[in-house]
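Subject: Structure handover

Hello,

Here is the structure for you to look through. Notes on what was found in it follow below.

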Amino acid sequence: MWLPFLALFLGFLAGQTFTFTLPASFAPYLSVAILATLDSTLGGVKGVMMHKYDGAILMSGFFINGTLAAFLVFMGDWIGVDLYYVAIFVFGVRIFQNLAIIRREFISKYVANHLKKNNSSTHEVQ
Amino acid sequence: MFKKKWQLTLTIAFASLGLLLSLQLRAHKAQVNDLNSQSSDTLAVIAKNLNTKYYQLIQEVWDLRTQRKLLEQSASQNKTALEAMAMEQQKLNIALGTVPVEGPGLIITVPENSENYFGSQDTIDIINELWNAGAEAVSVNGWRISNNTFFLPTNELSTIIMNDHKISYPYVIKAIGQPVALDKGISIPSGIIDNLKSIYKIPLEIKQVDKLGLPAISSPKFKYAFLVKD
């Protein structure tokens, strides 16, 4: 259960120990890619919570979404359309949706069960 | 390790996310420091500071150049002073006899003769005459004349004491200087050489040479005499 979070930490450490730094001009594209991958990861967590998890969907979503998001923003800069804000908006909304679903699932699974044990009259929270 | 099937892929996803976050953190830092992302106000301040710094550095370069020039001047002065001192020391060493010297000069030989007495006073007279004639360094029987050389007579007629050494015939007096001037200086009529030759019948030999070498004496040691301090 804690393995993914440990992996997050280790990945961060690995990035910090690398000596190379991406050029400053890459920062906007990388930020969009991070939003896309964060969305995919939260989607994966949501899938686990809802017992609908599919590893292939997560992996493809993670890498393809990330790459495509960065690439689209790059293309947008190229043709003069500021897709950066669009990507932030879309992925931001999706991230918050995913978070909301994860929160509900978490509460309904663990907190509600815990409360039920103590007080059988409590209703399941939706 | 991966008990449930979702763990592997989710772990990979999280690790990649961590890596990306970390890279972004750095890229963002670089972007914040990048001049392209600064506001024009900040850029103006930076430019102004750099300008000030530029003029300060130019001023510093000039100051340092002036300083270098002064140092070079004083260094060359020191060098000149040092050279002068070295030459002075060399001269004093030659005068004191602590360094071997060579040059043209005169050799006066007094060969063995049993009939006529040649003593310490005669040696001193010849040496005095040589100094007077412009000799720059003198030696007797291979001993250099220095500031504390002395000659004393002995009981025997054939020996002289020179600086605690007993020397005897043939006496060889070597002097460095202009050979002709030395020769003329000591050979003046009724001078010491003339008197020795004509009155005392001592068979002196005087020879002008182009090059002769005189040895050095050991450096004098002073125990009681010290320089007067100002």
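Does Arg68(B) count as buried or exposed? Arg68(B) counts as exposed, at 54% relative accessibility. Buried here stands for under 20% relative accessible area, exposed for over 50%, and partly exposed for what lies in between, using a 1.4 Å probe and protein chains only.

Before the rest, some conventions. This is a predicted model, in which local features need pLDDT of at least 70 and side-chain atom pairs count only at pLDDT 80 or more, while totals for chains, interfaces and linings use all residues. Residues are numbered from 1 along each chain as its sequence is written, chains are lettered from A and ligands numbered from 1 in the order in which they are written, and side-chain values use heavy atoms, with hydrogens and water left out.

Salt bridges

Over all chains, a search of the whole structure gives 3 salt bridges (a side-chain nitrogen of Lys or Arg within 4 Å of a carboxyl oxygen of Asp or Glu). As background, side chains of opposite charge can pair when their charged atoms come close.

Arg68(B) takes part in one of them, with Glu72(B) as its partner and an N to O distance of 4.0 Å. Both residues sit in helix α2 (residues 40-96) of chain B, 4 residues apart, which is about one turn of the helix. Glu72(B) is partly exposed, at 48% relative accessibility. Helices (H or I, at least four residues) and strands (E, at least two) are DSSP runs, numbered from the N terminus.

In chain A, Asp39(A) and Arg94(A) form a salt bridge, and their closest N and O atoms are 3.2 Å apart. Asp39(A) belongs to helix α2 (residues 27-49) and Arg94(A) to helix α4 (residues 83-118), so this pair ties together parts that are 55 residues apart in sequence. Asp39(A) is buried, at a relative accessible area of 1%, whereas Arg94(A) is partly exposed at 41%.

Lys211(B) and Glu102(B) form another salt bridge, with 3.7 Å between the closest N and O atoms. This pair links distant parts of the chain, 109 residues apart: Glu102(B) is in strand β1 (residues 101-110) and Lys211(B) in strand β8 (residues 205-214) of chain B. Both Lys211(B) and Glu102(B) are exposed.

Strands of chain B

β1(B) is largely enclosed by the rest of the structure, because 8 of its 10 residues are buried. β1(B) pairs with β8(B) in the antiparallel sense over 8 bridges (two strands pair if DSSP finds at least two bridges between them). In that pairing, Ile107(B) stands opposite Lys207(B). β1(B) also pairs with β7(B), again antiparallel, over 6 bridges; there Gly105(B) stands opposite Ile176(B).

Nonpolar cores

A nonpolar core is a set of buried Ala, Val, Leu, Ile, Met, Phe, Trp, Tyr and Cys residues joined through side-chain atoms within 4.5 Å. The largest one has 26 residues, and those touching the most other members are Phe118(B), Ile126(B), Leu130(B), Val138(B) and Val140(B). Elements of chain B that give two or more residues to this core include β1, β7 and α3 (120-132). Among the residues that Phe118(B) touches, leaving aside residues up to four places away in sequence, are Val110(B), Leu157(B), Tyr169(B) and Ile202(B) (contact means heavy atoms within 4.5 Å). A second, separate core has 15 residues, including Ala7(A), Val45(A), Met49(A) and Met59(A).

Between the chains

The contact takes 36 residues from chain A and 27 residues from chain B. Together the two chains bury about 2,900 Å², 78% of it on carbon and sulfur atoms; buried area is the accessible area (1.4 Å probe) that two parts lose on being put together, summed over both. On the chain A side, α1 (3-17), α2 and α3 each supply at least two residues that touch chain B. The count of salt bridges between chain A and chain B is 0.

Backbone points

The peptide bond from Tyr169(B) to Pro170(B) is cis, with omega near -10°. Pro170(B) is in the loop between β6 (165-168) and β7 (171-176) of chain B. His51(A), which is not a glycine, has a positive phi, near 60°. His51(A) lies in the loop between α2 and α3 (55-79) of chain A and is exposed, at 65% relative accessible area. Asp164(B) also has a positive phi without being a glycine, at about 70°. Asp164(B) is in the loop between β5 (159-162) and β6 of chain B and is exposed at 69%.

Regards
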